[in-house]
Number of protein chains: 2
Amino acid sequence: MVEPLRVGLAGLGTVGIAVLRLLERRRADLEARCGRPIVVSAVSARSRGKDRGVDLSDVTWYDDPADLAHDNSIDVFVEVIGGEDGPARRAVEAAIARGLPVVTANKALLARHGNALARAAEAHDTGIGIGFEAAVAGGIPIVRTLREALPGNAISRVYGILNGTCNYILTRMEREGLDFATCLAEAQRLGYAEADPTFDIEGYDTAHKLALLTGLAFGTEVDADAILIEGISAITPEDIAAADELGYRIKLLGVASRAGDGIEQRVHPTMVPKSSAIARIDGVLNAVAVDSDALGEIVLVGPGAGGEATASSVIADLMDVATGRHIPTFGRPASAMQPYSAARIARHAGGYYLRLLIEDRPGALATIARHMADHGISLESIVQRRRAPRADAPGAAVPSVVQPIVLITYETTEEAVRAAIGAIAAESVVAGPPKMIRIEKLA
Amino acid sequence: MVEPLRVGLAGLGTVGIAVLRLLERRRADLEARCGRPIVVSAVSARSRGKDRGVDLSDVTWYDDPADLAHDNSIDVFVEVIGGEDGPARRAVEAAIARGLPVVTANKALLARHGNALARAAEAHDTGIGIGFEAAVAGGIPIVRTLREALPGNAISRVYGILNGTCNYILTRMEREGLDFATCLAEAQRLGYAEADPTFDIEGYDTAHKLALLTGLAFGTEVDADAILIEGISAITPEDIAAADELGYRIKLLGVASRAGDGIEQRVHPTMVPKSSAIARIDGVLNAVAVDSDALGEIVLVGPGAGGEATASSVIADLMDVATGRHIPTFGRPASAMQPYSAARIARHAGGYYLRLLIEDRPGALATIARHMADHGISLESIVQRRRAPRADAPGAAVPSVVQPIVLITYETTEEAVRAAIGAIAAESVVAGPPKMIRIEKLA
């Protein structure tokens with residue numbers, strides 16, 4: 001008689017319930033694959049009485065996930081509660097402390113405490129694993145790909161669309177010419193955005209995921225604090241239209257790349273060429289691309305969220321535990337991870353989109369051009385669509401209206417662009433500081 | 001002192017040399033990841049004197065790969081010779097017989113003998129693995145993805161562009177309006193096609209890869225003989241232009257899907273909607289898509305061939321061996337693989353493109369339409385571009401020229417289409433049998 005793998009499942013929200021359902025639905029095949037049953041023998045959740053549509057009568061119940069982590073009958077601890085501190089953290093730490101393998105969907109927890117947790121897991125004689133496929137890009141197997149499929153490659157960049165909420169909003173803004181607030185409201189109505197959407201739209205969720213991808217790709221310790229973060233709330237339909245005209249789309253990307261003096265980590269709205277694979281990822285889909293020396297580029301596309309997609313990744317990690325496949329948390333022993341060394345973002349080299357409002361009078365454009373030249377910035381294109389003078393002023397002298405102008409720079413540095421923007425903003429011909437969006441060079 | 005993993009490398013062609021180079025280039029990181037050095041201690045190849053640009057002075061040389069497989073100093077046998085029988089097969093069988101793990105890039109060998117080899121590998125007490133990431137889609141980690149990332153999913157279809165030679169030819173035909181022969185010659189000149197291109201262009205290479213994907217996706221024994229195979233040599237610029245006009249591109253796809261009574265395996269030129277992810281894969285790139293219940297669709301894109309891309313996958317499999325991660329060859333114990341049961345291709349349901357030449361006289365189109373209706377086939381579109389009467393016959397009666405006509409059917413069965421084609425071909429108004437291309441329904 002083969003012993004089953006006994007799972008302690010902490011969290012019975014959308015993902016937790018989906019884990020229970022998939023384990024049931026796929027029971028025969030999972031058992032055939034690993035040679036033993038996988039059973040959830042204990043769970044924890046806050047509200048015991050709630051009807052979740054699943055039969056929990058044979059399962060031990062805990063109110064506190066830390067108590068579940070101390071249940072001596074379980075072989076693996078699954079954490080799908082969420083939150084970087086609080087009950088999830090205490091429970092995961094307790095599970096690791098007693099030598100239980102952990103499977104988690106909690107990107108915030110790992111982005112903050114992943115280094116310490118990985119070290120604690122590996123301090124055990126047997127070495128235990130922390131599976132977190134579900135924490136990055138939902139059902140896309142990017143964690144396994146970086147952890148196990150690419151050791152023969154020196155990775156130069158990993159980037160992707162890691163937040164479906166933002167991509168849904170940007171896609172609708174582009175397709176329908178709507179503004180950000182309208183699309184956010186739509187996303188909320190459809191359940192793609194939270195009531196408080198800050199975490200998604202301001203880029204923090206993407207940053208947590210990026211921090212984990214960086215650790216996997218470059219073998220450096222996770223450092224979510226070192227990420228430049230800009231969200232999408234300032235993107236306007238005018239930016240999207242201008243990008244379109246110039247051959248680009250705007251996506252919220254997380255990008256980690258090796259630069260001369262370290263690793264650059266950035267989350268920001270990014271102009272990507274329409275011809276690139278990443279430009280064509282629409283709606284709530286996620287995509288992750290990996291650039292490396294041996295492979296060039298590989299791209300993985302799929303659902304980045306949703307109960308069953310996330311549960312699919314949890315179950316892949318459970319199979320690793322069930323079959324005794326041990327893989328260090330970030331693909332290398334924690335002791336072999338290098339300290340994270342941030343590349344200076346000021347040195348980031350790339351093209352930039354600048355959109356500004358200037359007074360429509362002689363010399364205004366020359367002023368802008370002079371500041372760009374003073375900072376050594378060459379311009380690839382300038383687009384100025386003159387607004388027609390108002391119809392109620394026929395025959396009037398050319399009115400002094402404010403006109404939008406869009407500049408695309410050739411490759412330059414962040415430092416130079418910021419300095420030029422500062423100088424331009426101080427000019428009286430300019431109404432307000434220029435809007436800047438970075439352009440990502442893609443094949 | 002940690003023991004290194006000693007590799008016996010059979011085959012020093014493009015892939016074998018790339019394996020040596022990557023192991024050298026990535027030595028420090030590989031050792032950090034698995035805790036011990038990976039060294040090639042013995043090799044086999046036919047021509048010992050040839051200068052391959054790598055230092056083999058410390059390496060034991062064998063002329064026969066089977067002798068290498070018997071070298072007692074090696075821990076793993078890597079086969080990058082190729083060929084479904086002959087030296088590669090003998091050597092792999094010898095390695096497995098003595099309990100050595102095997103890593104191979106040999107799709108033909110596994111498509112023919114994979115079931116027996118997997119059983120032999122698992123007959124050992126310890127169970128040894130056969131890693132074959134490199135055998136399907138080069139550097140794309142689709143083998144690991146199907147084997148390890150998706151156990152929580154019931155897969156309904158796996159399909160992809162699995163042959164870069166064909167995709168290169170079709171891409172050039174489409175972009176430049178050139179015919180097949182011209183693009184094949186170009187592919188040969190650039191080294192993307194062999195001197196004898198039959199194996200690639202007639203779909204056999206795709207079929208071998210598909211057979212392996214089928215086994216991984218559905219847990220059924222590999223059966224390459226059960227695949228419907230059509231190559232791309234009959235595709236004309238007219239087909240590509242007609243597809244374009246109707247919103248499709250033509251790709252050589254391998255498709256395995258679950259049908260009512262079994263698994264359907266097909267390799268053929270396929271019309272795919274321009275909006276689909278797979279339609280946008282150009283040139284020598286490969287792409288594989290997996291449709292399943294929990295995930296919907298995931299798509300992996302990357303380089304499907306080339307020495308370093310293939311070597312990257314070999315090294316990923318070597319790392320599994322070096323770290324003692326054992327995974328059954330097809331993701332399940334060989335004893336748990338189900339017999340392959342072919343779905344009847346006659347029952348394949350889908351849309352079809354038909355292109356035929358009919359005499360331009362009254363009643364011709366009615367004849368075609370009647371045969372379609374007689375077989376229960378509804379038409380989604382009919383495109384007839386009348387060729388202008390010849391300019392040197394002004395004022396002549398409408399000449400009896402042959403006109404091309406393109407029909408797109410709604411979903412019907414292969415059986416009905418074939419019967420309709422047979423009936424139409426027998427009509428005197430038709431010049432030659434209709435050209436038929438299957439349409440794949442994609443999201």
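**Figure 1. A:Ala137 sits in a loop of chain A.** In this predicted model, the loop that holds A:Ala137 runs between strand 6 (130-131) and helix 6 (142-149) of chain A. Most residues other than glycine have a negative phi. A:Ala137 has a positive phi of about 60°, and it is not a glycine. Is A:Ala137 buried or exposed? A:Ala137 counts as buried because its relative accessibility is 0%, and the cut-off for buried is under 20%.

**Figure 2. B:Ala137 lies in a loop of chain B.** The phi of B:Ala137 is positive, near 60°, in a residue other than glycine. B:Ala137 has a relative accessible area of 0%, so it is buried.

**Figure 3. A:Phe77 belongs to the largest nonpolar core.** This core has 170 residues. Which of them touch the most other members? They are A:Phe77 and B:Phe77. Setting aside residues up to four places away in sequence, A:Phe77 touches residues including A:Gly8, A:Ala10, A:Pro65, A:Leu68 and A:Ala69. Also among its contacts are A:Ala91, A:Val92, A:Ala95, A:Leu100, A:Pro101, A:Val102 and A:Val103.

**Figure 4. Chain B meets chain A.** On each side, 44 residues are in contact with the other chain. About 3,700 Å² is buried between the two chains, and carbon and sulfur atoms give 51% of this area.

**Figure 5. Polar contacts and salt bridges cross the interface of chain B and chain A.** Polar contact joins 14 residue pairs, both residues at pLDDT 80 or more. Several elements of chain B each supply at least two residues of the side that touches chain A: helix 1 (14-25), helix 2 (27-34), helix 6, strand 12 (296-303) and helix 12 (307-322). Strand 12 of chain B gives the largest share, seven residues. By class, this side of chain B has 23 nonpolar, eight polar and 13 charged residues. The interface holds four salt bridges. B:Arg25 forms a salt bridge with A:Asp293, and their closest N and O atoms are 3.0 Å apart.

**Figure 6. A:Arg25 pairs with A:Glu308.** Side chains of opposite charge can pair when their charged atoms come close. The whole structure has 85 salt bridges over all chains. In this one, N to O is 3.0 Å. A:Arg25 is in helix 1 of chain A and A:Glu308 is in helix 12 of chain A, 283 residues apart. A:Arg25 counts as partly exposed because its relative accessibility is 41%. A:Glu308 is partly exposed too, at 23%.

**Figure 7. A:Glu84 and A:Arg112 meet in a salt bridge.** N to O is 3.5 Å. A:Glu84 lies in the loop between strand 4 (76-79) and helix 4 (87-97) of chain A, and A:Arg112 lies in helix 5 (residues 107-122) of chain A. The two are 28 residues apart. A:Glu84 is partly exposed at 29% relative accessibility, and A:Arg112 is partly exposed at 35%.

**Figure 8. B:Asp205 forms a salt bridge with B:Lys107.** Their closest N and O atoms are 3.9 Å apart. The pair links helix 10 (residues 204-218) and helix 5 (residues 107-122) of chain B, with B:Asp205 and B:Lys107 98 residues apart. B:Asp205 is buried, with a relative accessible area of 4%, whereas B:Lys107 is partly exposed at 22%.

Definitions and conventions:
Residues numbered from 1 in each chain as written. Chains lettered and ligands numbered in written order. Predicted model: local features only at pLDDT ≥ 70, side-chain atom pairs only at ≥ 80, totals over all residues. Heavy atoms only, no water. Core = buried A, V, L, I, M, F, W, Y, C linked by side-chain atoms within 4.5 Å. Buried < 20%, exposed > 50% of the residue type's maximum accessible area, 1.4 Å probe, protein only. Contact = heavy atoms within 4.5 Å. Helix = DSSP H or I, 4+ residues; strand = E, 2+ residues; numbered from the N terminus. Buried area = accessible area lost by both parts, 1.4 Å probe. Salt bridge = Lys/Arg side-chain N within 4 Å of Asp/Glu carboxyl O. Polar contact = N/O pair within 3.5 Å; in protein donor to acceptor, adjacent residues only side chain to side chain. Nonpolar A, V, L, I, M, F, W, Y, C, P; charged D, E, K, R; others polar.
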